[in-house]
Amino acid sequence: MFSHNKRLQYTVRVSETNPGLANLMLEQFGGPQGELAAACRYFTQALGEDDPGRKDMLFDISTEELSHLEIIGTIVGMLNKGAKGRLAEGVEEEGEMYRTITGAGNDSHITQVLYGGGPPLVNSAGVPWTSAYIDTIGEPTADLRSNIAAEARAKIVYERLINCTDDPGVKDALTFLMTREIAHQKSFEKALYAIEPNFPPGKLPGDPRFTSVYFRMSKGDADLRGPWNQGERWEFVPVTQDSGPVDGGDGLATVELDDADAETLQQMAERTQSLPDGDPLTGAELGMGEGPASGPADAAPASAKTKKK
């Protein structure tokens, strides 16, 4: 059961309205790294979680993300307040109105004209929010890693938004939201490492022939080595065009078919085979005015040729 507290989790103080900045803030409202995506990701994970501790953690953090959605949505609404009234009441000339709501080249008509100054569930480019942003797969050791990465991406977006404004109140609220991403990362990482073992994700081990092999698949400059592909934990294997399949086989794909399927497949192959000889005339060539090779007699004007009856 949910209940709503009318007070925000963190106080929002906006010094001046700014429709363009409001539009940028939508990235954390209805964008892929935004608060709604995070809330839905962790909430659905909590519903399917069997560990009581992780279940509580996911419910707590998902609920806090909804609080953050309220904060960022409130910032959007506050930044739009001045232009919202002017647009609704038509107190400015058309040209001046347009300059007001578009600001410094921002497409703030997304929030102004389409949504009347309210925060829509779109990103800063106007792309609608979608549940495709939720990448939960139902395996804690995989989902917790994804959650850590999601919080890291959200923190970076908040850093970029902080760099876009000099409004001290907006900066303060965004700094709080950015900081909470750090706290959530810590919780998710602690939860991940409380699962032993937690790598590789899932239950099945990898094929030991390949789990510690690094295939060098690119050619050109000298190989750059690091802890990701060198040391006692790695076998470094250069791969070239002449390298054979890594499993020692012939690298060809085969399938076993019953007699009926094999006969039908053979019929189709014969019916659709390409003829290796000849040079068939194509529609593209006809369109370019090209035709079969012509001799001198064929070069005469059409009026000089004799028609056969």
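User: Which residue's side chain meets that of E49 in a salt bridge?

Analyst: In this predicted model, the search of the whole structure finds six salt bridges. One of them joins the side chain of E49 to a partner at 3.0 Å, N to O. That partner is R54.

User: Is E49 buried or exposed?

Analyst: The relative accessibility of E49 is 12%. Buried means under 20% relative accessible area, so E49 falls in that class. E49 is therefore buried.

User: What is the relative accessible area of R54?

Analyst: R54 is the salt-bridge partner of E49. The cut-off for a buried residue is under 20%, and R54 counts as buried because its relative accessible area is 16%.

User: Which residues lie nearest the centre of the second largest pocket?

Analyst: About 160 Å³ of space lies in this pocket. Its lining is made up of 14 residues. Those nearest the centre include E49, which also takes part in the salt bridge with R54.

User: Which helices each supply at least two residues of the lining of the second largest pocket?

Analyst: The lining residues of this pocket divide into three nonpolar, five polar and six charged. Helices spanning 35–48, 52–89 and 140–162 each supply at least two of the lining residues. These helices are α3, α4 and α7.

User: How much space lies in the largest pocket?

Analyst: The lining of the largest pocket comprises F2, S3, H4, N5, R7, L8, Q9, T63, L66, S67 and E70. By class, this lining has three nonpolar, six polar and two charged residues. The space in the largest pocket is about 210 Å³.

User: Which side chain does H4 join through a polar contact of 2.8 Å?

Analyst: H4 lies in the segment before α1 (19–25) and is one of the residues lining the largest pocket. The partner of H4 in this contact also belongs to that lining. The contact joins the side chain of H4 to that of E70.

User: What distance separates the C-alpha atoms of H4 and S67?

Analyst: H4 and S67 both line the largest pocket. The two residues are 63 residues apart along the chain. Their C-alpha atoms are separated by 9.5 Å.

User: Is H4 buried or exposed?

Analyst: The relative accessibility of H4 is 58%. A residue counts as exposed over 50%, so this value places H4 in that class. H4 is therefore exposed.

User: How many cavities of 30 Å³ or more does a search of the whole structure find?

Analyst: The largest cavity holds about 30 Å³ of space. P32, Q33, G34, A38, R41, Y42, A150, E151, A154 and E181 line this cavity, with α3 and α7 each supplying at least two residues of the lining. By class, the lining has five nonpolar, two polar and three charged residues. The number of cavities of 30 Å³ or more is one.

User: What span should the 26 residues of helix α8 have?

Analyst: Helix α8 covers residues 168–193. At its start, a side-chain oxygen of D167 reaches to within 3.0 Å of the backbone nitrogen of G169. The expected span is 1.5 Å times one less than the number of residues, and it agrees with the separation of the end C-alpha atoms of α8 because both are 38 Å.

User: Which residue's backbone oxygen does the side chain of R216 reach at 2.9 Å?

Analyst: R216 is found in strand β1 (residues 213–216). With a relative accessible area of 15%, R216 is buried. The side chain of R216 also meets that of D223 in a salt bridge of 2.8 Å, N to O. The backbone oxygen reached at 2.9 Å belongs to S218.

User: What is the relative accessible area of D223?

Analyst: D223 is the salt-bridge partner of R216. D223 is partly exposed because its relative accessible area is 37%.

User: Which residue meets D207 in a salt bridge of 2.9 Å?

Analyst: D207 is partly exposed, with a relative accessible area of 33%. The salt bridge joins the side chain of D207, N to O, to that of R209.

User: What percentage of the 309 residues of the chain count as buried?

Analyst: The chain has 10 helices and two strands. Read along the sequence, they follow the pattern α-α-α-α-α-α-α-α-β-β-α-α. Of the 309 residues, the percentage counted as buried is 29%.

Notes. Residues numbered from 1 in each chain as written. Predicted model: local features only at pLDDT ≥ 70, side-chain atom pairs only at ≥ 80, totals over all residues. Heavy atoms only, no water. 1 Å grid on protein atoms, 1.4 Å probe; cavity = no way out; pocket = protein on both sides within 12 Å on 5 of 7 lines; lining within 4 Å. Points joined across faces, edges and corners; volume = space filled by probe spheres on them. Nonpolar A, V, L, I, M, F, W, Y, C, P; charged D, E, K, R; others polar. Helix = DSSP H or I, 4+ residues; strand = E, 2+ residues; numbered from the N terminus. Polar contact = N/O pair within 3.5 Å; in protein donor to acceptor, adjacent residues only side chain to side chain. Salt bridge = Lys/Arg side-chain N within 4 Å of Asp/Glu carboxyl O. Buried < 20%, exposed > 50% of the residue type's maximum accessible area, 1.4 Å probe, protein only.
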